[in-house]
4 protein chains.
Amino acid sequence: MAFAMDETALQAFLEAEFPQVRQDFRVERVTAEGVVVRLCVAERHLRPGGTVSGPNIFALADVAVYLATLARIGPAALTVTTSASIDFMRKPAAGTDLIGEARLLKLGRVLVVGDVLIRSEGSDAVIARASVTYSIPPAGPATG
Amino acid sequence: MAFAMDETALQAFLEAEFPQVRQDFRVERVTAEGVVVRLCVAERHLRPGGTVSGPNIFALADVAVYLATLARIGPAALTVTTSASIDFMRKPAAGTDLIGEARLLKLGRVLVVGDVLIRSEGSDAVIARASVTYSIPPAGPATG
Amino acid sequence: MAFAMDETALQAFLEAEFPQVRQDFRVERVTAEGVVVRLCVAERHLRPGGTVSGPNIFALADVAVYLATLARIGPAALTVTTSASIDFMRKPAAGTDLIGEARLLKLGRVLVVGDVLIRSEGSDAVIARASVTYSIPPAGPATG
Amino acid sequence: MAFAMDETALQAFLEAEFPQVRQDFRVERVTAEGVVVRLCVAERHLRPGGTVSGPNIFALADVAVYLATLARIGPAALTVTTSASIDFMRKPAAGTDLIGEARLLKLGRVLVVGDVLIRSEGSDAVIARASVTYSIPPAGPATG
């Protein structure tokens, strides 16, 4: 299988297009099924008690499926999330990066569907699972 | 119907317990069905193009159902999100606050379910809808 | 607002196109927001204990958003469900029809999103909530 | 890892407790992660065009996570589905059984979460994915 973008290209794209989150995420690996992405956990991601907040876990799932899509179709900044579902199952380990493992289940002309398992680095226990749907706009503005 | 916490109490609780997001959210109104919460949109919430990012919209939905729950049961910081689903339907208007209107559909002993409609302030069009489930831990740690 | 199909047209379409479920569903009302659909509960819908099974509640949600879509755009048999999320919140009353109230939140060129509240007839308590996304195929086969 | 119920015990439980669906599902295999369940496709499961309907695909996902739970905790008829999300990605092959592969991601005291990949028998392409949450009632009635 050929990839349209590798780790370096994905990381460069992310930092160029989404400067707000450039320090948050690191592309670890492009895989046959998708990508592995790290959330570099810092103080700003935490809730009381020292665990990563739900919205930051959601952000990791969202970006992981996005990057898995780009790895296959190449840079497409207009691609937009149309829906997502997420289950939070365990508390993340305190002060530990999160690792999101995304796999693409469908890569259609219009819709892309992937799911993600999220773990604390070094642990097998799944913290959260998510499925995310992106829509790939044809020509013109992204209005679904 | 009696409320356990009003707007002022909810806002004070939010700011005390979640200082990281104290500038993000404002409790607008406690209603018979739930609450209305504002996301005070700032530069840090935006994606390229000037629209609020998906994770920030998710955060608004999440906090709105949380606050709707507290309005009924009183302060319960241990309450944890167990699952959520969200549909992103339109682009938010640029540079405009988002208003989330949450209603509780179930307030059980263990699980609370609410849904949320999110709009740009001053617009009728729904930007996103979400449903969120919280679990209320019994005594002891929050492990679902 | 003009409707493309009224109650009678929707019911006739359902019975012609989906003969397997013709005895299951009855279009009660087309509303400004969507439709109200009845699941005519019979022995075959029940689980032990006499309550309607989850898949039959899902079916009601699915058909309700479908019919709400048709009420606006007219007959489009190719329209396909692309995703759904559902929360089951209470046991349905035994031996009682279920009433699903669907509202359309987005009617786009490609994607339609609606949500549904489901109650036992004569009760205010919400049994289940669901959100359902349909995709409207352009010309050609429905492959999303 | 020890299982509380094997294929034969699960199949017998299903047929005894859910006689309405006894001809629909067959437990293929208990695995380290969960179970593999077959939907024995018959005329009654089909939509126009000869493909399995969405609610029947949902039913397969629902029962697969249920059976995966029972394989671990033993017979617990009161266990109830509290939420589910499903993505329909491809049309099932006509006239072909569906195979659902469920894995448990969390087996808590109160909540069980699993996800399911569904394929047409003999095909690698994923027709649908679902995640399903069950709640395990303590003593007393199952009210979440």
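## Chain A: fold

The secondary structure of chain A comprises two helices and six strands, helices being DSSP runs of H or I with at least four residues and strands runs of E with at least two, numbered from the N terminus. Along the sequence the pattern is α-β-β-α-β-β-β-β. The model is predicted: local features need pLDDT of at least 70 and side-chain atom pairs count only at pLDDT 80 or more, while totals for chains, interfaces and linings use all residues. Residues are numbered from 1 along each chain as its sequence is written, and chains are lettered from A and ligands numbered from 1 in the order in which they are written.

The C-alpha trace of chain A spans about 45 × 30 × 30 Å along its principal axes. Chain A has a radius of gyration of 15 Å, which agrees with the value near 15 Å for a compact globule of 144 residues; the radius is taken over C-alpha atoms, and the globule rule is 2.2 Å times the number of residues to the power 0.38.

An open sheet of 12 strands runs in the order β1(A)-β2(A)-β4(A)-β5(A)-β6(A)-β3(A)-β3(B)-β6(B)-β5(B)-β4(B)-β2(B)-β1(B), with antiparallel pairing; two strands pair if DSSP finds at least two bridges between them.

Within chain B, nine bridges join the antiparallel strands β5(B) and β6(B). Gly114(B) stands opposite Val132(B) in β6(B).

## Contact between chains B and C

In chain B, 11 residues are in contact with 11 residues of chain C, contact meaning that C-beta atoms, placed from the backbone, lie within 7 Å. On the chain B side, the elements giving two or more residues are β3 (80–88), β4 (98–107), β5 (111–120) and β6 (126–135). β6(B) gives the most, with four residues.

By class, this side of chain B has four nonpolar, three polar and four charged residues. Here Ala, Val, Leu, Ile, Met, Phe, Trp, Tyr, Cys and Pro count as nonpolar, Asp, Glu, Lys and Arg as charged, and the others, Gly among them, as polar.

## Symmetry of chains B and C

Chain B is superposed on chain C by a rotation of 180 degrees with 0.0 Å of shift along the axis (RMSD 0.0 Å), fitted by least squares on C-alpha atoms of residues with pLDDT of at least 70 in both copies. The two copies are therefore related as by a two-fold rotation axis. The C-alpha of chain B nearest the axis belongs to Ser85(B), 3.4 Å from it. The same surface serves both copies, as 100% of the contact residues of chain B recur in chain C.

Technical notes. Two residues are in contact if their C-beta atoms, placed from the backbone, lie within 7 Å.
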